[in-house]
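Subject: The structure we talked about

Hello,

Here is the structure I promised to pass on to you. Please open it next to this email, and then read on for what was found.

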Amino acid sequence: MHSATFEVRPISEEKGSGLVALRNVAAGEVFHSEWPFCVVQHPANSAFIRACTRCCRFAGTCGLQLATLFSGTVEEAVLNELPSVWGQEKLSDVVECPQGCGEVYCGQECRAADWKDNHNFMCVGPLDDDAPLVQFKQLAIEYADTLLLAGKVFASLVNRAQQRGRGAEAVREGMNELMGFTQGKWDDVARPAGATDEHGEGETLRLQVLAEAFELLKAALLPASPLFAPLFESDEFLSRLLGMFERNNIDVEIQSPLKQLCHSWAQQPPPAASSSSSSSVGAAAAGPASNPALRRLLEAKTVVMRYEWDEDETGNYQSTAADTSPDDAHMDEETEDDDEADEAADEQRLASIREDVRNLTMEQLLAEEWPNFHGTAFFPSVARVNHSCVPNIKMAYPRGTCEVCFGALRGISCGEEMSTSYIDSEAPRDVRQTNLLEYGFVCRCDKCESEAARVNLRR
């Protein structure tokens with residue numbers, strides 16, 4: 001982590017270290033960019049978006065992205081109704097892992113870099129379903145995708161040590177560097193400050209997952225190289241690594257290129273429909289209103305977004321499956337009528353969504369969001385940025401990859417601390433404070449203190 005614009009300095013006993021400007025930074029200036037130490041796409045997100053495992057760029061053609069988005073959804077039929085020329089629009093190359101694990105890349109460069117960094121140890125292509133690494137990844141998908149990040153970190157530390165030719169000493173140095181970011185073990189950090197777990201169920205589950213993940217990862221990686229030995233002396237490093245991800249990770253959101261493409265298609269004469277389409281779209285004047293194929297695509301996408309996508313609740317998608325408890329065998333009998341009622345309600349909800357979407361104008365459909373890439377990543381510089389409800393920097397991904405860019409929200413003076421907002425800074429103070437408990441602190445920024453003072457004056 002090196003920058004001519006900032007450095008890490010002690011800030012306060014409460015905050016610890018932070019980033020401090022080494023020069024004046026102008027408002028709007030993009031002054032730093034950084035690739036992640038490790039990144040992973042949310043597993044549910046990968047069912048809708050095909051992205052490069054290494055840089056997270058949307059991979060392949062529009063046809064590949066549309067097939068990924070619509071296959072298996074309530075709007076799958078739209079794939080047979082679109083002009084084939086749209087599917088040929090190229091976003092990037094697409095290169096599959098030759099081991100057959102299913103990972104894809106935007107080119108040979110990313111594939112080779114990922115193999116060199118971690119995938120040589122983390123690839124499950126040649127493995128049986130009962131292999132420890134396969135079971136480890138299944139556990140991660142079921143419980144916490146940060147386990148996938150942890151696996152990548154383990155593999156990366158060993159690969160970096162091998163490349164330096166310094167063996168276990170280099171592995172331990174890498175472990176110590178990462179431990180400089182940690183604030184506690186997974187269970188201590190995962191429980192928000194002030195939260196109670198009356199029956200200890202959350203703690204028990206986390207400890208069980210940690211123990212199982214540690215043994216599976218150890219069985220998968222330790223036989224591959226003796227350099228993994230320092231990582232598996234106990235589960236403490238894994239636990240602290242997961243705790244680090246709880247506090248220091250950042251969400252990666254990359255805008256879909258398909259939205260801009262649709263705006264471009266809207267200004268062109270509609271092309272001929274694909275040969276498999278049940279209707280044809282002949283040549284017509286350019287413009288959104290004269291493009292029925294585009295309208296069909298946008299309606300189908302909007303239905304999928306409203307019916308199957310739920311970023312707020314799950315990070316990606318809303319499940320339509322009924323929750324059942326494996327511990328209560330009689331539940332199936334008791335809920336059979338309820339399941340039928342739920343199915344009918346779900347069909348009614350879908351019909352209502354489709355009706356609402358049909359009533360949207362073309363301009364409204366073009367303004368609706370496409371599903372973006374969502375993942376989680378660890379960046380050393382980002383992990384050093386403290387929170388403020390009045391931030392002076394913002395992080396974004398404007399280059400279509402997981403390379404994060406720091407931009408100044410206002411002018412920043414040399415010697416001033418750089419801060420970002422971990423939450424919605426426009427929310428009421430009590431909401432902000434509650435949300436920040438997940439990060440283990442009470443915010444005392446100028447905004448919070450002034451709002452608290454006004455509340456006290458009214459009492």
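Which residues gather in a patch of negative charge on the surface? They are Asp338, Asp339, Glu340, Asp342, Glu343 and Glu347. One of them, Glu343, belongs to helix α14, residues 336–358.

Before going further, a word on the source: this is a predicted model, where local features need pLDDT of at least 70 and side-chain atom pairs count only at pLDDT 80 or more, while totals for chains, interfaces and linings use all residues. Residues are numbered from 1 along each chain as its sequence is written, and side-chain values use heavy atoms, with hydrogens and water left out.

Some terms for the patch: its members have over 30% relative accessible area and no salt bridge, and like charges are joined within 9 Å. Areas come from the Shrake-Rupley method with a 1.4 Å probe, and for residues only the protein chains shown count as cover. Asp and Glu count as negative, Lys and Arg as positive, and His and the chain ends are not counted. A charge is placed at CG of Asp, CD of Glu, NZ of Lys or CZ of Arg.

Now the strands. Helices (H or I, at least four residues) and strands (E, at least two) are DSSP runs, numbered from the N terminus. Two strands pair if DSSP finds at least two bridges between them.

An open sheet is built from four strands in the order β1-β2-β14-β11, with mixed pairing. Its edge strands, β1 (6–12) and β11 (386–387), each pair on one side only. At one end, β1 pairs with β2 (residues 16–21) in the antiparallel sense over six bridges, and a hairpin of three residues joins β1 to β2. There, Pro10 has Ser17 in β2 as its bridge partner. Meanwhile, β11 pairs with β14 (residues 417–420) in the parallel sense over two bridges, and Asn386 stands opposite Ser419 in β14.

Another pair to look at is β12 with β13 (residues 404–408), antiparallel over four bridges. Ala396 stands opposite Cys405 in β13. Buried means under 20% relative accessible area, exposed over 50%, and partly exposed in between (1.4 Å probe, protein chains only).

Lastly, the salt bridges. Side chains of opposite charge can pair when their charged atoms come close. The cut-off used here is a side-chain nitrogen of Lys or Arg within 4 Å of a carboxyl oxygen of Asp or Glu. How many salt bridges does a search of the whole structure find? It finds 24.

Here are some of them:

- Arg172 and Glu233 meet at 2.5 Å, N to O. This pair links distant parts of the chain, 61 residues apart: Arg172 is in helix α6 (residues 167–179), and Glu233 is in the loop between α8 (201–221) and α9 (236–248). Arg172 is partly exposed at 37%, while Glu233 is exposed at 55%.
- Glu368 and Arg306 meet at 3.0 Å, N to O. Glu368 is in the loop between α15 (362–367) and β10 (373–378), and Arg306 is in helix α11 (residues 292–308), 62 residues apart.
- Arg54, Asp114, Asp117 and Arg160 are linked in a network of salt bridges.

Enjoy exploring!

Conventions:
Patch = residues over 30% accessible without salt bridge, like charges linked within 9 Å, V, L, I, M, F, W, Y side chains within 5 Å.
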